[in-house]
Amino acid sequence: MKISLAELFQKNYGVYGIPAFNVFNAEQVLGVFRGAIKAELPIITAITPAARKYITHEVLEGIITSAAKLYPSVTFSVHLDHGNVEHCISAIDSGFYDSIMIDASHEEFSKNVEITSEIVKKAHDKDITVEAELGVLSGVEDDISVSEKSSKYTDPDQVHEFVERTKCDSLAVAVGTSHGAYKLSAGQGLQLDILKRIREILPGFPIVLHGASNVSREEITRINDAGGNLKSSAKGIDPEEIKQAIKLGVTKINVATDLRLLWTRIHREFFRDTPDLFDMVVPGRKYMEELSEFVNQKCRSLYVK
């Protein structure tokens, strides 16, 4: 059942960090929906501009629509992740999205406010919620590439003014995470003191955590054993810190890297162990099976009530 993200936020604040899984193809969509059935918890299907270009947004949206018919018991929302003005307007006009993210975090504060306010007005006219971002995350994901030097934590003293002026519905913050597999190579962990201060300033307001994959050390090892060359410094977010963050107001948790690592490990091992096979259905089916169990466990781990 497709419902508004605003309703999910209201029901789950402080008790469940709703996972937003970035999906690119049918295998990922089906794996995510099947995992949500096992967990009996709501999920968000997140679509990036890169995903919309990969197989066209019409095809990807059609896959999600079909999955919703196949699995009507799944409660979910559809979200546009990391959109610019053009992406957001396209998503608003499509009528398919429950929420959109306008990412003007690389702009100066006043310009971020201006761009975000413009998109909020257009989206709210169509009853679509808007996620904005304040502070810049480092790392690489899809077409995003930000150096650690250029990244900066969200300033808690700016959040009230930003939300008040833009009227956004949720806020993505920079508190120590980054995009990609190398999230916490410096070992700094989440800046929970920043989250605590933001909650004090914006009580009850939904906060979003980007770059929140766990990045399993076992997956990294198995990928490298099967011919990969990922750095041993690849490290994700401690699940216990995620739980603390949820209690501090983080209501949406973005997960993308973990899905890609799972895909990589399964396909590398498939080609290593069965070099005589060439049927994409074999690793594809295994990926859906393992992804559904990953989603099940991820959802349950984010329920802290």
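Q: How do the axes of α5 and helix α6 (residues 109–124) cross, and within what distance do they come?
A: An axis is a line fitted to C-alpha atoms, for helices over the stretch in contact, and angles run from 0 to 180 degrees between N-to-C directions. Here the axes of α5 and α6 come within 10 Å and cross at roughly 5°. Angles under 35 degrees count as roughly parallel, over 145 as roughly antiparallel, 65 to 115 as roughly perpendicular and the rest as oblique. So α5 and α6 are roughly parallel to each other.

Q: What kind of model is this?
A: It is a predicted model, in which local features need pLDDT of at least 70 and side-chain atom pairs count only at pLDDT 80 or more, while totals for chains, interfaces and linings use all residues. Residues are numbered from 1 along each chain as its sequence is written, and side-chain values use heavy atoms, with hydrogens and water left out.

Q: Which residues of α5 and α6 meet?
A: Contact means heavy atoms within 4.5 Å. From α5 come Val 85, Cys 88, Ile 89 and Ile 92; from α6 come Ile 115, Glu 118, Ile 119, Lys 122 and Ala 123. By class, seven are nonpolar, none polar and two charged. Ala, Val, Leu, Ile, Met, Phe, Trp, Tyr, Cys and Pro count as nonpolar, Asp, Glu, Lys and Arg as charged, and the others, Gly among them, as polar.

Q: Which strands form the closed barrel?
A: Helices (H or I, at least four residues) and strands (E, at least two) are DSSP runs, numbered from the N terminus. Two strands pair if DSSP finds at least two bridges between them. The closed barrel has eight strands, in the order β1-β2-β3-β4-β5-β8-β10-β11, with parallel pairing. From one strand to the next, the twist averages 25°. Helix α5 (residues 85–94) packs on the sheet and touches β3 (76–83) and β4 (99–102). The direction of α5 makes about 155° with that of β3.

Q: How many bridges join strand β1 (residues 18–22) to β11?
A: Four bridges join these parallel strands. Ile 18 stands opposite Lys 252 in β11. Three bridges join β10 to β11, also in parallel. There, Leu 209 has Ile 253 as its bridge partner. Strand β8 (residues 170–173) pairs with β10 (residues 207–209) over three bridges, and Ala 172 stands opposite Val 208.

Q: How many residues of strand β11 (residues 250–255) are buried?
A: Buried means under 20% relative accessible area, exposed over 50%, partly exposed in between (1.4 Å probe, protein chains only). In β11, six of the six residues are buried, so the strand is largely enclosed by the rest of the structure.

Q: Where do the buried residues of α1 fall, seen down its axis?
A: An α-helix has 3.6 residues a turn, so residues three or four places apart point the same way. In helix α1 (residues 5–12), the buried residues are Leu 5, Leu 8, Phe 9 and Asn 12. They fall within an arc of 100°, so they line one face of the helix. That arc is of the directions from the helix axis to the C-beta atoms. Exposed Gln 10 and Lys 11 sit on the face turned away from the buried side.

Q: Which residues does Phe 9 contact, leaving aside neighbours within four places in sequence?
A: Phe 9 is in contact with Ile 18, Ser 170, Pro 206, Thr 251 and Lys 252. Its relative accessible area is 5%. Phe 9 and Pro 206 are 197 residues apart along the chain, yet their C-alpha atoms are separated by 6.6 Å.
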